[in-house]
Amino acid sequence: MAHPKNDRSAIWPLACIYSQRFNAGKVDREATLQEFLKSVTETIRSQNVTEMHKCSAKAAKLRNVGNRHFLDRKFQDALACYNESICFADPNSDQLAMGYANRSAVYYEQDEYEFALLNIDLAKKNNYPEKLMPKLLARELNCKQRIAGGRSKNATPRTRMSVNVDTNPRIPFLADGIGMNYEPKFGRGLIAEKDFNPGDIILEEKSELCGVDFNLSYRNCNHCSSRFNYSLIPCPTCPFMMYCSQECLEQNWNLFHRFECCVVTKLYSVSSLSSMMHPRLFFYGLTQFDEDLRAMMKYCEKEINGKFNPLDLDYTNPNRLELFKAYHNTQPAVDPENDHFFKILACGYYVMYLKNPAVNSIIRTEPQRRFFLRSLLQYIRIGFSMASYSIDARGRAIGTLTPIDSLINHSCDPHAATFICSGTIKVVLLRPVRRGEQIFTSYGPVWWEEESGNKTPFTCRCVYCDRGPAGRRWRALIDRDFPLGAVDDLQKLHDIALRMDFNNAAKLNALKQFIKKHARHYPERNFGTVLDSYRMLLVAMNRTDVEALERARAWAEDN
Ligand SMILES: C[S@@+](CC[C@H](N)C(=O)[O-])C[C@H]1O[C@@H](n2cnc3c(N)ncnc32)[C@H](O)[C@@H]1O
């Protein structure tokens, strides 16, 4: 099946094709990597995916669709179309400048004056047509007047959720008193070396390695994954990748995108999910070895140290080669349910990346190619086992891999909640953690949501899932009754939650006090719902916080 030029919806990912073939029993799941490679190479040849390029005519069409949404006041849909239009527009074309100007109009209508100004500035810097300039300048003036008149939406975060306890001197984004341990049951994990309280933010780690679902590629920065209120700038060469800043664009180019850019349609035709994060780990390494593939092979072909401690590195002056080594020295559990699928992805990426002369000129010999294929499979396994994912209601995912967050194991009885927002992972404690305890977060399932249907891709060995006597004893606690004092306090919490005159910070505080005061009655069914309310409130407050920060950033970039 050949794909019509410039029709991204026509991409039928290899992953879907093989998923059908596996389900129909047409491909042997037990095949070797070389057998998969043969099959995938043939499939890709018959697919003959055409690379898409910038195209101002397509940009104009997309902008017109955006204009119709704008007139219907469907602003999010309008922004989505304008972003795609901006990405397809040839650099320095009128279409690019007009896309930015159109975006500024949407922000203006939404009272997002900082973002409107940022886009007006982008339009002006990209040859906005002189004859249309007066209208743009009038909008610029209006924005400035409204900001000066105090009509801006909040641009000052109220809570600023960041690490709120003493920090580790060598890891300024991690709480002091957190160490790494190793238990055969879970592998490496994070352990508390002192007591912590609910509400303690123990980690705020920025991501450099992410993968953005194809369907979010016009909504999220392809480097740090932040959304930046849809106000992204395009890769100057390919029609798919967008960034929240020139800095992210340049870093992404240097680390990975120069290996992706001229084959990006083909890469998305391997998997439309967030899987591009995995081959990126290979190119992250290659870049840190100054493209000296022999040196990289020499290091990587040594035995992997599965007990490597990323907390030993100095993050005050991060060295990317050391970070790469931290990622590389990971012993991911091979997932028997999905490993055949990972092999298909590895083979697909292998074939497609080698179509790029920038890759082909580095990975030349047979041993080098075998190393590339093996590494791709290893990094796919690492990515699926170690990354954190944020998944929206439509199933579109963003994967994020960071050295420290990736050490946190899962429990269906978590202590902490993990938030991925605006390219940063935050870990907040929901309940007290005592010195010596391992700190767990949840990858999805939690005991107080038994109906959630979430499953972990490994056999979970947490206390809730433990079928032995210890697990049985623990689960029996869930059905105890709260003592009367706690029942009264729970009723007070409900009343506070309904009070319109209490803001979220006050409600959060009340929840935190309850959790601290009654921690000894944990676990208990009602306690689970309290933790859940606490988590949901944190999510809402974090979102407001991030929005305010992004507004402030837009304002700073424009001034
Ligand atoms: C994000 S990593 C956590 C760090 C990992 N333990 C290590 O040694 O690098 C996730 C992997 O840890 C293991 N793991 C995490 N939580 C687990 C649990 N509740 N039960 C069993 N294994 C778990 C699984 O192998 C999973 O794929």
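Reader: Why does Thr456 count as partly exposed?
Author: Thr456 has 16 C-beta neighbours inside 10 Å. A residue is called buried if 20 or more other C-beta atoms lie within 10 Å of its own, exposed if 12 or fewer, and partly exposed in between, with C-beta atoms placed from the backbone. The count of 16 therefore puts Thr456 in the partly exposed class. The model is a predicted one: local features need pLDDT of at least 70 and side-chain atom pairs count only at pLDDT 80 or more, while totals for chains, interfaces and linings use all residues. Residue numbers start from 1 along each chain as its sequence is written.

Reader: Where does Thr456 lie, and what does Thr456 touch?
Author: Thr456 is in the loop between strand 13 and helix 16 (469–478). Helices (H or I, at least four residues) and strands (E, at least two) are DSSP runs, numbered from the N terminus. Leaving out residues up to four places away in sequence, Thr456 touches His410, Tyr443, Gly444 and Pro445. Such a contact needs the C-beta atoms of two residues, placed from the backbone, to lie within 7 Å. Asp495 is 39 residues from Thr456 along the chain, and their C-alpha atoms are separated by 36 Å.

Reader: How do you know that the chain agrees with a compact globule?
Author: With 559 residues, such a globule would have a radius of gyration near 24 Å, and the chain has 25 Å, so the two agree. The radius is taken over C-alpha atoms, and the globule rule is 2.2 Å times the number of residues to the power 0.38. Along the principal axes, the C-alpha atoms fill a box of roughly 70 × 65 × 45 Å. Of the 559 residues, 42% are buried. Among contacts with a separation of 6 or more, 71% are between residues 24 or more positions apart. The chain has 19 helices and 13 strands.

Reader: What makes strand 3 and strand 13 edge strands?
Author: The sheet is open, with 3 strands in the order 3-4-13 and antiparallel pairing. Strand 3 (178–183) and strand 13 (438–439) each have a single partner strand, so one side of each is left without a neighbour in the sheet. Two strands pair if DSSP finds at least two bridges between them.

Reader: What pairs with strand 10, and how covered is strand 10?
Author: Strand 6 (residues 209–212) is joined to strand 10 (residues 397–401) by 4 bridges, running antiparallel. Strand 9 (residues 388–391) also runs antiparallel to strand 10, with 4 bridges. Gly399 is the bridge partner of Gly211 and of Tyr389, while Val212 stands opposite Ile398. Strand 10 is mostly covered, with 4 of its 5 residues buried. Strand 6 is covered on both faces: Leu209 and Gly211 are buried on one side, Cys210 and Val212 on the other. The hairpin of strand 9 and strand 10 has 5 residues between the strands, and Gly395 there takes a positive phi near 80°.

Reader: Which domains make up the division of the chain, and which elements of domain 2 touch domain 3?
Author: The division is into domain 1 (56–156), domain 2 (178–204 + 403–451 + 460–549) and domain 3 (210–401); domain bounds come from an automatic or database domain assignment. The C-alpha centres of domain 2 and domain 3 are 31 Å apart. In domain 2, 14 residues are in contact with 19 residues of domain 3. On that side of domain 2, strand 3 and strand 11 (416–421) give two or more residues each. Strand 3 gives the most, 3 residues. That side divides into 7 nonpolar, 5 polar and 2 charged residues. Ala, Val, Leu, Ile, Met, Phe, Trp, Tyr, Cys and Pro count as nonpolar, Asp, Glu, Lys and Arg as charged, and the others, Gly among them, as polar.

Reader: Why is the ligand said to lie between domain 2 and domain 3?
Author: Both domains give residues to the shell around the ligand, so the ligand lies between them. The shell has 17 residues, the closest being Gly187, Arg188, Ala333, Ser385 and Asn409. A residue is near a molecule or strand if its C-beta atom, placed from the backbone, lies within 6 Å of it. Strand 4 and helix 15 (366–386) supply at least two shell residues each, and strand 4 has the largest share, 3 residues. By class, the shell has 7 nonpolar, 8 polar and 2 charged residues.
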